[in-house]
Structure formats: C-alpha cells, structure tokens
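This briefing goes through one structure, topic by topic. Keep the sequence and the 3D view open while reading.

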Amino acid sequence: MDDLNLAMRDRYRNNFLQEVEANVEEGEWAKMCMQCGVCSGSCPFGPHWDHPPQEIFMMIRANKREEVLSSTSMWLCTSCYNCIVRCPREIPITHIMHGLASYAQRLGLAPKEQPTRKFGLMFWDNIEKNGRVNESILGIKLYFMNGFKEGVKTAYKMAPVGWNMLRTKRFNPFALIPFLHKRCKKRSDIQAILRKAQQIENARTVRFGTAGG
Amino acid sequence: MSEVKIGAYICKGCGIGERLDTDQLEQIAAREGKAAIVRQHEFLCSTSGVQSIQNDISAGDVNRIVIAACSRRAKTEAFRFENVAISRANLREGVIWVRPDTEEALELTQEMAGDYLRMGCAEAKHMTPPSPHVESTTTREVLIVGGGLTGLTAALEASKAGYRATIVEKSGELGGWAAKLYRRTPHRSPYTDPQETGIADLIAAVQSDANISVQLDATITRTSGSPGRFFVDIATESGATRTDRFGAIIQATGFTPFDANKLPELGFGKSPDVVDQLGLERLAREANGGPIKRPSDGKDVRNVVFVQCAGQRSQSEGHLPYCSGHCCNTSIKQAMYFKDANPGVDTTILYTDLRSPGNGEDFYRSGQKKGVIFTKGVVKEVVPENGVLDVRLKDLILDEDVAIRADLVVLATGMVANSGVNIDAVPLDADKDAKPGEAHIEIPIESILNLDYRQGPDMPQLRHGFNDSHFICFPYETQRTGIYAAGPVRRPMDMVQVVDDAAGATLKAIQALENAGLGRAAHPRSGDLSFPSFRREGCTQCKRCTVECPFGAIDEDEKRYPIFNESRCRRCGTCMGACPVRVISFENYSVDSVGQQIKAVDIPDEFSEKPRILVLACENDAYPALDMAAMNRLEYSAFVRVIPVRCLGSVNTIWVTDALNGGYDSVVLMGCQKGENYQCHFVKGSEMAHYRMSKIDDTLQQLQMETERVCTYEVAITDIHRASQLINDMAATIDRIGLSPFKF
Ligand code: SF4
Ligand code: SF4
Ligand code: SF4
C-alpha cells in the first residue's frame, strides 16, 4: 500500500487537466463536470466501457494520464449524443471523447488493437489517397482487418448480400480495380489542405512532460 | 354584561335554506337555546344580514351571538363584532356539505343541525366577551443578545422600523465571526467571486445610529418579567450592573466553532499546517491578497486540500450529526483565495456530497472554472510526514485508496449553537435510549439569558443543542414568548440566511411588544384578548399547569400558587386541560363553555339505533381538514358532533368522561403531530393530550366500556380524506360493538 501511495502522490495535481485543456478538442470543459453520472447512465455503451465518461473526467482530474490516454473507453463512443443532451452542465461530452481518442492517437498511446481505431485509420487512409471515400475498397478492407483467413470467411458469409447489391446496381465491382475507380479531380490540393491543417494543429499543441512534476 | 342576552342568527344562504328546516331550527334556538332574539336571513354575510346583527347589538338587545351559518373559519371579516361573545354553529361545512341530499338522509341531517344550534347557544351562554388586560404601557425597546452579523442586522432593522435597540455583546468588539473573515461568499450577482464582508460598514452604521446603544464586555445576569416589560440586569466587565426594561428580546448568540482538536485523525493539533476554516481565514487576512503562507515554515502554499464534513454529518462519538450548511460554499471561497492569487496552486476539495445552497450553484461552477478540483472521496486520515501532509482517502468515483500530498489541509468543521443551558437535559446515564449520534453534544453550559422563570434559565432546545424555533410554520418563534431566536443559534446557516433571519426575528419582536402593550396575545393567536385565570380557592397547588405550560408562562408565588404572566401566555389552554380540579378558564373558552356544548346535544335513547360520536378537533389543523373534506363533499356519519378546541392540549379529561357518562358512544380526539417533528402550534399541547389520554383506559374499564370507544389521532391539515375516514371508521366500530350502556 505504501509504495502504491508513493506512486500516486502526484495525484490530483492539475498537470494532465491542463494538458487536456490545451490540446484536446473542447478539453477546457473537463473541469466543469460535477460528477452526477448522468452521462454514464445515458450512454448506450456505458456498461461496456472500462471507464464511462464521468469516470474519464474524474481520471483526468486525478492526473491519470497514461490510463486515460491508453484506455479503449472513448473509442467506444458512437456519437449518439445522448450524454450531451442530458448533461446538466451542458458539457460537450461526445466531442471530448473523440478529442481524447484523437489526441491519444497522435501521441501514439492509443490501444493498437482497438477496432474503432483501426477502422478509423483505414477510413482516413482511404480519404487521403482518393480525396473521397471509396466504399467498396473500404468495405473489403474492413473484412480483412483481422487477417486473411477471417477476411475470406466474412466475404464468403456476405456473398449473398454482395450479389444482391450487384444485381440492384448498388455495388460496382470495377471500383475495386485500382486504376479504374473514381477519384476526386485535384487530389493533390486536398492533400495539401490536410497537410496544412496538420501543421496548424501541431503548432498549436502545447508540449507537456509525461506524468508527475 | 351580567345578564345573558343571546341572539341566534340562522343563515339560509349557500343551500342551507333548501336543505334544512330553518323554522324548526329557529324553534330550537328559542325554546331550548333560550335565545332572546332569533332571526333568519337569506344571506347572513351580506351587508343587510350583518347590519341586522349589529342593530341588535347596538340596541343592547343581545350580548351573545350565535351565528348558524358556515364554518367559523369562513367569513371571519363579516362576522366580527365588538364587545360581544360569538359562537358559530357550522351548518354548511359541518352539516349539509357532508351529508347526501336525499329524502332518506333528511331526518338525520336535520338532527345534526338541531344539535349544532343547541351547542352554539350553550356555548354562547357560558362565554363572556373578553376585555383587554393591559399590563403595561408599550415598551418600544428591543434587547439584542449578541453583536455578530445577526445582532447588528437586527439592531439596524429595529431602528429602521422606529424602535430602539440595545446590543449586549459578551466580547470586547462587535462583528462576531463575520468580522474575522477575509472575504465572504458572494451574496450578489454574478455570484462568481468572494466579496467584501461589509462588516466594518455595518458596525459603523450601528455605532452612529442614535436608536441603538451597544454594551460591550457585557453579560445578562438576570431576565425577569414578560413581553412588554422584561427587566434585564446587564453586567459589564467593570462589575457594574444596571437594570433596563425591554419590550422583547432577540437571542442572536450564534455559534462556537466545533473543536477541531477532537479530530486528531485528520491531523489537527499534530501539524500547524492543518487548520480549520477560521484558521484559514486568519492566514488569508495575513496574506491580504498575496500568496498564502504555511504556518509551519512560512513558505508559499503550492498545494492545498480541503476536507469537507470534518467531524460533521457523522454518527461517530463526539462528532456533529448534522450539516452546518455553509461549509461547502466556504471551502469554494477559500480555494479561490489561492486560485485568484496564483492559478498555479493546486486546490482540491474532497467531499462526499457537495451542498451549495442559495446561489452556491453558480459559485461552485465559478470555482470549477477557476480550476478548483472537486473530488468525491472519504478522507481516512491526514498524516504529517517530513514537512508535508499525506491525505489518505478513498476516491469514491474511481473506487480506490489514494493519497494526496499537500502543503496545507483545511478542515471544514461545523457550528455548535450557543444556546445556553439545556433545561431539559437528562443525566447522561438516563439517556440510554438515545440513538447514536443523538447523544449529547457538549455545549458551553453557561446560561445566556438567566431567566428567572421557574422552568429554567434559558430557552428550550429542540435537537442537537439548537434552540427550539418552530421552523416548519413559524420561524423565530420559541417556547418563550417575546424572546426570539435568530441566526445560527436556532439552526446552522450562512450569512445570507442570517441577514434574513435577523430581519424576520426583529419584526416578530416588534409585533410581540406591540401586542403586549395592548394586552393581546402573541402569535399564533395574535390579537386574542382572552386570558387564563384561576380560581384560587379551588387550586390544590398541584403545579400541573406550571409544568405543562409549553411556554413557561406560569410562575409560582411564595405560597406556591400559580402566577399567570399574561403576556407570556399564548392562550393555548394547555393549563386548562391539565388542571385536575378544573379551576383554570378563559372568558370565552372554559371547561364549561365546551362541557355545556357536550351536554346540550340531544342523546337519543338506547332503542333508537342512533349513536353519538363526539369529536374534539384542534382548530388549527384537524378542524380545517374537516372543513376541506366538506368542500370536497366527502360524506361522513350523521352521528358525529364536532367541537373545535384551541389545541388538543386544552382538552380536559372531564369532557371525555362526562360525554361517556352522558350517553355518547364514543369520543375521538384529533390533534397535530407531536414529538420531535411536531406540528402542534403550541409545541407540546398535542403531546400532552396524547399522554393524558393514554391514561384514560383505566377510567373506561371502570365504566365497563370498551377501550376502542376513545381514540386519539394525529391529524395534519392535509389529511382531508383521512379525517373524515376516521369518523366513519369510528361509526363502523360502534356498529360492531354496539351502543353505549349509558343511555338514559
Ligand atoms: S452528465 Fe455531465 S456533469 Fe454529469 S457526470 Fe457526465 S459530464 Fe459530468
Ligand atoms: S455520444 Fe458517445 S459517450 Fe455520449 S452517450 Fe453516446 S456513445 Fe456514449
Ligand atoms: S398553558 Fe397555554 S394558556 Fe395556559 S398559561 Fe401556558 S400558554 Fe397560557
């Protein structure tokens, strides 16, 4: 117990809270939570989170930097906005959850195997390359997200659906062929915009040391 | 006024005329009630109706009035006449509205109305119109005990209303605890930042007010007399004592901070860096806007932890079981002292339930905006270690045991009332039934008022050492007439509440002294001129009245006869109910005025199958509840006869035994809630009645009667359905057990 205490003595310092305020989207709201628990009770995924939103806010204030940023919790948010609607303090919880996830990703602390994260990266990659979403490729990649064997299995299972979509012209098999599918006209411009945005974000990010201090 | 001349006035409005045979009622009033004049009127409360009554009074034809119309609670303005005794026979709420409008019901309904007329006439005959007994000239001077925020505010309020005030303050300066604060929690919009206390201005205003005199270093060595003429000995430090006369007293003696030395587990006394909230105010005053320094080494505080509910809201031995109400907001304010001087200081407030009354919610939010950290957790201990404080707690949200290192710990301890001697204190070993936490809270046991009343030197307390002030219905009212409690002496409160309290208590005090000057009762029977007197020859000096009077109105003379102090009396009649030889009475309310009503009811013989149920209902709650039942047309048994009483405490058991001997089949008593959460307007009346009635079973058994025939209930004003149901239940009981054997 005593070692543990020692390790935790920097608890409730405001360092991580200040970091969240500076670097996370809508992060300045984290301190305003009054711990009523309405968000956790309203979240359809609440029971599946390791740390539902209320707890995340408390952890931020308790200076639990690593635990928050490496948590899978905020990746489970489906943007249903139940919590925002109900929070008596009008805290933009959904945005903060996504903000935290994205900040964790930028710092390389996000859990590698988290499926939402993996899908998010694929989606981003797809957009960045094409300037728009290619749903066919994204869908197939999603099947193979967890390896070749599982991908084949899923594709086989989904074949009847695919066939029906093909028949009703909802699915264009040619879009799967790299040089045939449609891309947006000036992809390089979009890529430049994204690069610029990244630059601005990086410049705005305040550097903090890791835990403690 | 010697000759009794009764005038009975029967109203035919509101459906009474259609539902009842008023000619028959007129006959009853004239023949049985011996009314000299009986008149019927289409709408008695109309100008012409009222005028016809007034004409008879003015002509000297009547001096007792029976108004047979609506409830005594209705049309009180219209039926107010001077210099006569008035009785009200309740034909509307008491009869036609609670009975079905059917052919079959007619006979019993008419019998009901007839009885209420007989009762009205009987009551009128045994009442005399009360006249004022002016004890004193009006003394427009208020004594205020305590020179803190409550006392200062009260003095200024009294002065603004045109009265003189004297502040007696034990210490050498005015301002109390409020003067020891660096800032106060905000009391003005936008409720975001600590504000100046303003106490210096208040003191200056008091000192420059010609209507206010201040006695510092002074105590009260004796208080005698009664409202309108309190004689108070004020002793000053020099040893001189002078006696002054006051009309009313406000006890604004405030609180003593809980002794934090009782919290060694939280580090108090072990490290100078653990302070209570007042200790932090001292540090903040020293810093005066700059960085707050640690007491131990004078270094700037970088990390401060506030522990809420320290020794409060706790059932542990020696702790306070209650919440002191201001301390969450106070800690938020104190955290701001640090944040406002330097946002880099970490401030953590550890609470189990954050309570921010008043506009504290905005203040709480402002604290959060400034970066104060609020953590829900239970602090187990504070351990000083190498110059830092280790605060060990269980974080209730994250559900784990953690520790915080702090430079300074502030304990939010509570308020202990300065209420003087607990005159009802039971020796500790006799208090075995006390629930844990309800056990004794140690309080300074020096008397404050030194009343020379036979009931003890200070005001009675309700719970946890706070003076009893009936905060459900009548804040500031205490069990000592003309003495009002204001501020934290009656319940824990913050400064905003204190200011309201002081104003409220001052107005009550003014009301009391004005009423006393006119010989009128104080609240809740304010304006009542009647007053209890006793027949000395009959008195056995049993002292029941002196003991049972809830307001300490009765002293004893050297021969141990009771002395009734008129302006201390609230006119509840509890003494009248208590007196075993029935020598206490009021001019318009007496053992006779009710007893004769009971006798006047026509009791049918045992073969008639018509029982009679007597209901004695408290006029403050149960009687209005029955009136409201009538407004909702809730029907109840036609066998019932209801008599309103001033307080259930005024019920003399002779009424019950006489009724049963006289052929009534049952008696139902309805009073207010008693006990710790009492709603009795006279504090102890209902409790006394319940106690007395608990002894009635023996009497019933001697009479060979079933004990179910007499029931005592607590009925609230909102028990509209229940009140009428209780009557019907009793009718069903009589049905089951049969009529009384005492019919003649
Ligand atoms: S609903 Fe809002 S205030 Fe309540 S716990 Fe969630 S974030 Fe905090
Ligand atoms: S928006 Fe996200 S965090 Fe909020 S309730 Fe929905 S899933 Fe839960
Ligand atoms: S018991 Fe009631 S009526 Fe009697 S002296 Fe006391 S206050 Fe007055």
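From the N terminus on, the elements of chain A run α-α-α-α-α-α-α-α-α-α-α. The model described here is predicted. The secondary structure of chain A amounts to 11 helices and 0 strands. Its C-alpha atoms fill a box of roughly 65 × 40 × 35 Å along the principal axes.

**Domains of chain A**

- Chain A is assigned domain 1, covering residues 3–111, and domain 2, covering residues 115–201.
- Taken over C-alpha atoms, the centres of domain 1 of chain A and domain 2 of chain A are 30 Å apart.
- In the contact of these domains, 5 residues of domain 1 of chain A meet 4 residues of domain 2 of chain A.
- Domain 1 of chain A and domain 2 of chain A bury about 470 Å² between them, and carbon and sulfur atoms give 47% of that area.
- On the side of domain 1 of chain A, A:Trp75, A:Gln105 and A:Arg106 lose the most area to domain 2 of chain A, together 81% of what that side buries.
- How many salt bridges are there between domain 1 of chain A and domain 2 of chain A? The count is 1 salt bridge.
- A:Arg106 also has a salt bridge to look at: its side chain meets that of A:Glu201, at 3.2 Å from N to O.

**Surroundings of ligand 1**

- Ligand 1 is surrounded by 13 residues, and the closest are A:Cys33, A:Cys36, A:Gly37, A:Cys39 and A:Cys87.
- Two helices of chain A, α3 (38–42) and α4 (53–61), each supply at least two residues of this shell.
- Sorted by class, the shell around ligand 1 holds 10 nonpolar residues, 3 polar residues and no charged residues.

- Which residues are around ligand 2? Cysteines among them are A:Cys43, A:Cys77, A:Cys80 and A:Cys83.
- By class, the shell around ligand 2 has 7 nonpolar residues, 4 polar residues and no charged residues.

**Interface of chain A and chain B**

- The contact between the chains takes 24 residues from chain A and 27 residues from chain B.
- Chain A and chain B bury about 2300 Å² between them, with 50% of it on carbon and sulfur atoms.
- Across this interface, 2 salt bridges are found.
- A salt bridge joins the side chains of A:Arg89 and B:Glu361, at 2.9 Å from N to O.

**Strands of chain B**

- Strand β15 (residues 346–351) and strand β16 (residues 373–385) of chain B pair in the parallel sense over 4 bridges.
- In this part of chain B, B:Ile349 stands opposite B:Phe374 of β16(B).
- In which sense, parallel or antiparallel, does β16(B) pair with strand β17 (residues 388–395) of chain B? The pairing is antiparallel, over 8 bridges.
- B:Val378 has B:Lys394 in β17(B) as its bridge partner.
- The hairpin of β16(B) and β17(B) has 2 residues between the strands, and B:Asn386 takes a positive phi near 45 degrees there.
- In a regular strand, side chains alternate between the two faces of the sheet.

Notes. Residues numbered from 1 in each chain as written. Chains lettered and ligands numbered in written order. Predicted model: local features only at pLDDT ≥ 70, side-chain atom pairs only at ≥ 80, totals over all residues. Heavy atoms only, no water. Pairing = 2+ DSSP bridges. Near = heavy atom within 4 Å. Nonpolar A, V, L, I, M, F, W, Y, C, P; charged D, E, K, R; others polar. Domains from an automatic or database assignment. Contact = heavy atoms within 4.5 Å. Buried area = accessible area lost by both parts, 1.4 Å probe. Salt bridge = Lys/Arg side-chain N within 4 Å of Asp/Glu carboxyl O.
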